[in-house]
Amino acid sequence: MNAVIIPAILLILAGFAYQIGLRASVRAASAAPTVSMHSRPSYHGWLAVLRAAVPAVVVYLIWYLFGGGIVDSMVLAQIPAANLPESVLAQDALMQRIFNLSTGFGVAGEAQAWESSAAAHMAMLYGYGRTITFALMATVAALGLFFSWRKTTPATRARNKVEKFITTAMLACSAVAILTTLGIVLSMLGEAIKFFSFVNPLDFFFGTTWNPRFVTVGTEGQAGFGMVPLLAGTMMIALIAMLVATPLGLLTAIFTSEYASDRVRAIVKPLVEVLAGIPTIVYGFFALVTVGPFLTDLGAFFGLDIRATSALTAGLVMGIMIIPFVSSLSDDIITQVPRAMRDGSLALGGTKSETIIKIVVPAALPGIVGALLLAVSRAIGETMIVVLAAGNAPVLTANPFEAVSTVTVSIVNQLTGDQDFSSPQSLVAFALGLTLFAMTLVLNVIALVVVRRYREQYE
């Protein structure tokens, strides 16, 4: 059994079970023609699918999750003690070598006799395991079909059971998303706590020097782990990006929602949203090759010293990137403003521009603010553009024409290379990531609160 055969078998089983459920429903209706069926035949078909396929999938998942470990333990017990390594890592490497031998995959060197014997034993165990699993899957599926055939009556609440299963499945999907987020936070939190055992949190959050590569060999204590320059660079680039994206995105949204005809809107809005689909690495190259040199030449024309890789370059290009986030969300929010408010303003003698400025935009303002906060979160978390266009200079400066660095760039720098993963130089990336997560989480919560308040105005 492999990843292709199992889904194919389950699809065939589902189709067969669906037909069994339909026929059972027809049979029940024919047996009691004076009694109304509680559920439609299609629900009986889906209920039969659930009764047959779900237990079969559970059996396969049990084998998939635990079968390998059981086989490995049985093979390890069969290997002579003299050939069995003591360390766990060496045993894992040995089991991988034996697995490769059992599947015919090439291995380094010539296999010894006991290794070939263990590989044959492993192949036999996997064969038995797959056969037993397939037999169990077929058995539980058959029992499910038999149960559906025998227990289908006009009073069977198939629709309720199917809908309850779907609700439970959606709840499980939501739980997976929430637990995944929680797991990510806890993993970062654990490593961040290790980092703060080396570095004082006050030095990290309020320090103005970022030079972690040399802190352990110098005599300056832990002063090189101050994140203030990174935070200042991040906020400066995000501010420049929002100064670009806010007017362009908001005016685009007002045009597409209030002035453009339906035909023009159908063309302009998708074209603007294409900007959101361009990979950020492409934006980075665009900033590095085109925007940066252009700004340098422009600054020389006006007597200004503008570096090609600077906060201004990264901010401008990032602002272009997040225009769709502002324009698309704002457009959706502006179009939700009730038509009666516009008609009332026009009926009182207001022009269209006055109606938009004094009625539509103020009414949509909470939603627009929520869209802007979501765009800020996107700008703060952007990495590739600032890697290529910001200059990667972690210095505390207020000059947007100079090179700066950001939190995300520093995370990339600290987790690349051959540094010890348990050293403060690597662990600081988790502290930075946790700080960045907290910042974006606060912005998203504020955005959700603002949007919710906006929605409540029209309920």
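Biologist: How many nonpolar, polar and charged residues does the lining of the largest cavity have?

Modeller: By class, that lining has 1 nonpolar, 4 polar and 3 charged residues, where Ala, Val, Leu, Ile, Met, Phe, Trp, Tyr, Cys and Pro count as nonpolar, Asp, Glu, Lys and Arg as charged, and the others, Gly among them, as polar. The model is predicted, so local features need pLDDT of at least 70 and side-chain atom pairs pLDDT 80 or more, while totals for chains, interfaces and linings use all residues. Residues are numbered from 1 along each chain as its sequence is written, and side-chain values use heavy atoms, without hydrogens and water.

Biologist: How many cavities of 30 Å³ or more does the whole structure hold, and which residues line the largest?

Modeller: Rolling a probe the size of a water molecule over the atoms shows where empty space is left. A cavity is a set of points, on a 1 Å grid over the protein atoms alone, where a 1.4 Å probe fits but cannot get out, and lining residues have an atom within 4 Å of a point. The search finds 2 such cavities here. The largest holds about 50 Å³, a volume being the space filled by probe spheres set on the points, which are joined across faces, edges and corners. Its lining includes Thr-252, Lys-269, Glu-273 and Asp-331. Two or more lining residues come from each of α7 (228-259), α8 (262-273) and α11 (323-335), helices being DSSP runs (H or I, at least four residues) numbered from the N terminus.

Biologist: Which element gives the most to the lining of the second largest cavity?

Modeller: Helix α7 does, with 3 residues, and α13 (352-381) also supplies at least two. This cavity holds about 30 Å³, and its lining has 6 nonpolar, 2 polar and 1 charged residues, among them Ile-237, Met-318 and Glu-382.

Methods. On a 1 Å grid over the protein atoms alone, a cavity is a set of points where a 1.4 Å probe fits but cannot get out, and a pocket is an open set with protein on both sides within 12 Å along at least five of seven lines; lining residues have an atom within 4 Å of a point.
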